[in-house]
Amino acid sequence: VTHYENFPVASFLCPPHLRPAITAIYHFARTADDLADEGDASAAQRLADLSQYRADLLATAQGHAHSGQWPQVFEPMAHILDRFQLPLPLLTDLLDAFAQDVLFTAEQRRYATDAELHDYCTRSANPVGRLLLHLYGISDDESLAQSDQICTALQLINFWQDVSVDVPRGRWYPSQQTMARFGVTDTDLQPQSTSTDAALLIAYYAAESRTMMLNGSKLPCRIPGRAGWELRLVVQGGLRILDKIEALQFATWRVRPKLTAWDAVVMLWRALWMR
């Protein structure tokens with residue numbers, strides 16, 4: 001499976017000695033996400049695969065042999081887990097989030113409140129930022145909190161840009177509570193809809209995501225060297241996607257915004273002026 005990525009992954013700005021670790025973590029998460037989301041496997045098979053994937057992670061972390069089903073993931077991870085002493089609960093949190101995705105899709109569950117959605121982000125997104133800070137040797141509470149703000153914002157931005165992709169697949173990330181608040185029905189988020197209520201809903205969520213991102217945006221300015229510049233571009237990538245969503249008048253249930261080469265120039269310029 002190939003993937004379109006809006007945000008840089010182990011780019012040239014990343015400290016070279018950390019690129020193998022960041023790449024290994026990315027492929028660990030990406031492969032698990034594919035097990036949960038891609039192809040035509042049943043929910044039961046997806047959950048069984050994720051369970052075996054977890055077992056392989058735990059075996060690898062203990063220096064034991066893995067099942068051999070995903071050698072491209074766990075052979076690099078064996079070295080990275082040992083060299084960098086990665087916190088295992090952060091990796092298993094990601095797997096918990098992917099299993100939750102499978103169950104929600106299979107059972108057509110909805111998030112009742114935004115608080116429930118944000119709780120999901122603590123497992124699906126925030127561990128990635130905390131793993132990166134671990135690699136950078138940063139562990140103070142303020143930095144962890146700012147990282148969580150950035151990562152939750154990135155996850156939410158991904159949801160709001162992907163409404164046109166997720167809704168047809170039975171994935172509903174706008175909470176029932178907030179949909180009711182704006183008077184939005186399921187029909188309002190179908191591709192043919194021109195609902196102004198739906199636009200107000202996405203605008204609300206986009207504004208919330210922007211606030212979160214800005215709340216965390218001091219973090220990259222405090223991280224020295226190339227790692228800080230990498231994170232600046234991640235922040236600016238998220239903010240630029242929000243600009244794109246706004247330019248679409250928030251109608252992301254009809255079309256998915258994408259970044260272009262010109263947007264990369266804008267992101268770099270804005271990153272240079274972050275303070």
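**Close-up views of a predicted model**

**View 1. A salt bridge between partly exposed residues.** Side chains of opposite charge can pair when their charged atoms come close. Such a salt bridge joins the side chains of Arg 109 and Glu 107, with a distance of 2.6 Å from N to O. Arg 109 is partly exposed at 35% relative accessibility, and Glu 107 is partly exposed as well, at 45%. In the whole structure, the search finds 16 salt bridges.

**View 2. The aromatic pair of Phe 182 and Tyr 204.** There are 14 aromatic pairs in the model, and one of them is formed by Phe 182 and Tyr 204, whose ring centres are 5.4 Å apart and whose planes make an angle of 45 degrees, so that the pair counts as tilted. Phe 182 lies in the loop between α9 (176–181) and α10 (196–216), while Tyr 204 lies in helix α10, so the pair ties together parts that are 22 residues apart in sequence. Phe 182 has a relative accessibility of 19% and counts as buried because the cut-off is under 20%, whereas Tyr 204, with a relative accessible area of 26%, is partly exposed. Both residues belong to one aromatic cluster, which also includes Phe 104, Tyr 111, Tyr 120, Phe 159, Trp 160, Tyr 173 and Tyr 205.

**View 3. Arginines over aromatic rings.** Arg 181 lies over the face of Tyr 204, at 4.6 Å from the ring centre. At another ring, that of Trp 172, the charged end of Arg 110 sits 4.1 Å from the centre.

View 4. Trp 229, Leu 268, Trp 269, Leu 272 and Trp 273 make a nonpolar surface patch of about 570 Å². Helix α13 (residues 261–272) contributes the largest share of this patch, with three residues. Leu 268 is placed in helix α13 and is partly exposed, with a relative accessible area of 42%.

**View 5. Cysteines without a disulfide.** The search of the whole structure finds zero disulfides. For Cys 121, the nearest cysteine sulfur is that of Cys 151, at 9.9 Å, and Cys 121 is in no disulfide because a disulfide needs two sulfur atoms within 2.5 Å. Cys 121 is buried, with a relative accessible area of 0%. Cys 221 is likewise in no disulfide, and its nearest cysteine sulfur, again that of Cys 151, is 16 Å away. Cys 221 is partly exposed, with a relative accessible area of 27%.

**View 6. Leu 189 in its loop.** Leu 189 is found in the loop between α9 and α10, where Leu 189 counts as buried at 1% relative accessibility. The C-alpha atoms of Leu 189 and Arg 256 are separated by 13 Å, and the two residues are 67 residues apart along the chain.

Notes:
Residues numbered from 1 in each chain as written. Predicted model: local features only at pLDDT ≥ 70, side-chain atom pairs only at ≥ 80, totals over all residues. Heavy atoms only, no water. Phe/Tyr/Trp six-rings, centres within 6.5 Å; stacked < 30°, edge-to-face > 60°. Helix = DSSP H or I, 4+ residues; strand = E, 2+ residues; numbered from the N terminus. Buried < 20%, exposed > 50% of the residue type's maximum accessible area, 1.4 Å probe, protein only. Lys NZ or Arg CZ within 6 Å of the ring centre and 35° of its normal. Patch = residues over 30% accessible without salt bridge, like charges linked within 9 Å, V, L, I, M, F, W, Y side chains within 5 Å. Areas by Shrake-Rupley, 256 points an atom, 1.4 Å probe, with all protein chains shown as cover. Salt bridge = Lys/Arg side-chain N within 4 Å of Asp/Glu carboxyl O.
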